Amino acid sequence: MGRASWLRPRYTRENGKPRLRARLGSVYSARMSRLLGKTAIVTGASSGIGKAVATALAEEGCAVVGFSRRFAAATLMQLPRPGSVAEVQLDVTDEAAVKARFDELPNIDLLVCSAGNAHYAPIVNSRVEELRAMLDVHIIGTYLCARAALRRMQLQKSGHIVNIGSVAAHRAFTDCGAYTAAKAGQLGLTRVLAEEARPYNVRVTAFLPGATDTPIWDDRPGFDRAKMMSPTQVAGFLLSIVARPGVAVEEVTVMPPGGSL
Ligand SMILES: NC(=O)c1ccc[n+]([C@@H]2O[C@H](COP(=O)([O-])OP(=O)(O)OC[C@H]3O[C@@H](n4cnc5c(N)ncnc54)[C@H](OP(=O)(O)O)[C@@H]3O)[C@@H](O)[C@H]2O)c1
């Protein structure tokens, strides 16, 4: 049986030399622009999962604004071009700053909340400041960014918000009391957000990864990081959700093949 016509190799001439060009190439480039013309915000875009997601979205044609505290630019000087990431400083726990930065964008098609922090200790040895710091970023930060985005998306009658939660919202891991409290609260917030966004044609996804090899693990030795997912793998899966029209993935857990470490 013959190969499908789009898989059949084609030969072209380049610099006088014959060059093989698979028709697959044109299919591939079409795939790489599934989000062309979309504007996306990614929080926590300076590291780990957020950085990989910002890169993956740009590779799909999105104009991406990435936020994190360590970025140098205080404001968005100019809108990013499709396929690029503009890096802008933002502390997601600062209500006035979140409003100001989000207002700089004419439209917001996608928000990915990936800003996060973690501190690991048995509850009896932990400090309330550590718990507050995690509630602040995961719950208050997600709340402020999602609220700002949804206000805009309600007017547009379209959009997608993806909150990066954690499998820790569902499973108990020792030394993760404060982190788990923050992630469980964030998941509850995300579920209500999904219901309130639905009438406006805005999709909301609770995206819950398991162990992913990022700097969030740097203070937690004793885990085999080779068994973790890579941020790029996680970002690739997230992309398949946001680029899929007509389907609302409301909650999804993504684990390394070996399961919990
Ligand atoms: N890695 C895992 O195994 C794993 C598993 C499940 C869920 N997650 C979740 O995935 C998300 C990303 O974590 P990661 O593993 O990629 O960690 P990471 O590499 O440490 O990245 C965390 C990011 O959050 C930013 N951030 C922290 N506080 C912020 C604030 N107040 N305002 C703005 N940005 C802030 C950091 O940038 P600045 O410091 O420059 O602000 C950084 O870009 C988190 O929500 C985490 O809970 C991770």
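Predicted model: local features only at pLDDT ≥ 70, side-chain atom pairs only at ≥ 80, totals over all residues.

User: How many helices and strands does the protein have?

Analyst: The protein has 6 helices and 9 strands. Of its 261 residues, 40% count as buried.

User: What share of the contacts joins residues at least 24 apart in sequence?

Analyst: The share is 64%, taken among contacts between residues at least 6 apart in sequence.

User: Why are α4 and α5 called roughly parallel to each other?

Analyst: Look at the angle. α4 and α5, residues 177-197, pack at about 15 degrees. Angles under 35 degrees count as roughly parallel. Therefore α4 and α5 are roughly parallel to each other. Their axes are 8 Å apart. α4 passes α5 in a right-handed crossing.

User: Which residues meet where α4 packs on α5?

Analyst: From α4, they include Leu-131, Met-134, Leu-135 and Ile-139. From α5, they include Ala-178, Ala-181, Leu-189 and Leu-193. By class, the residues of this contact divide into 14 nonpolar, 4 polar and 2 charged.

User: Which residues of α2 and α6 meet?

Analyst: In α2, Gly-48, Ile-49, Lys-51, Ala-52, Val-53 and Ala-56 take part. Among their partners in α6 are Pro-231, Val-234, Leu-238 and Leu-239. The contact of α2 with α6 has 9 nonpolar, 3 polar and 1 charged residues.

User: At what angle do α3 and α4 cross?

Analyst: The axes of α3, residues 95-103, and α4 cross at roughly 35 degrees. They come within 10 Å. α3 passes α4 in a right-handed crossing. Here Glu-95, Val-98, Lys-99 and Phe-102 in α3 meet Leu-144, Cys-145, Ala-148 and Ala-149 in α4. The residues of this contact divide into 6 nonpolar, no polar and 2 charged.

User: Which residues are closest to the ligand?

Analyst: The closest are Gly-44, Gly-48, Arg-69, Arg-70 and Gly-116. In total, 29 residues surround the ligand. The elements that give two or more residues to this shell are α2, β4 and α4. The largest share, 3 residues, comes from α2. By class, the shell has 11 nonpolar, 15 polar and 3 charged residues.

User: What makes the phi of Lys-157 worth a note?

Analyst: Most residues other than glycine have a negative phi. Lys-157 is not a glycine, yet its phi is positive, about 60 degrees. Lys-157 sits in the loop between α4 and β7.

User: Is Lys-157 buried or exposed, and how do you know?

Analyst: Count the neighbours. Lys-157 has 10 C-beta neighbours inside 10 Å. The cut-off for exposed is 12 or fewer. So Lys-157 counts as exposed.

User: Why does Asp-175 count as partly exposed?

Analyst: Asp-175 has 15 C-beta neighbours inside 10 Å. Exposed means 12 or fewer, and buried means 20 or more. A count of 15 lies in between, so Asp-175 counts as partly exposed. Asp-175 is in the loop between β7 and α5. Its phi is also positive, near 70 degrees, in a residue other than glycine.

Definitions and conventions
Residues numbered from 1 in each chain as written. Near = placed C-beta within 6 Å. Helix = DSSP H or I, 4+ residues; strand = E, 2+ residues; numbered from the N terminus. Nonpolar A, V, L, I, M, F, W, Y, C, P; charged D, E, K, R; others polar. Contact = placed C-beta atoms within 7 Å. Axes fitted to C-alpha atoms, helices over the stretch in contact; angles between N-to-C directions. Parallel < 35°, antiparallel > 145°, perpendicular 65-115°, else oblique. Left-handed = near helix turned anticlockwise from the far one by under 90°.
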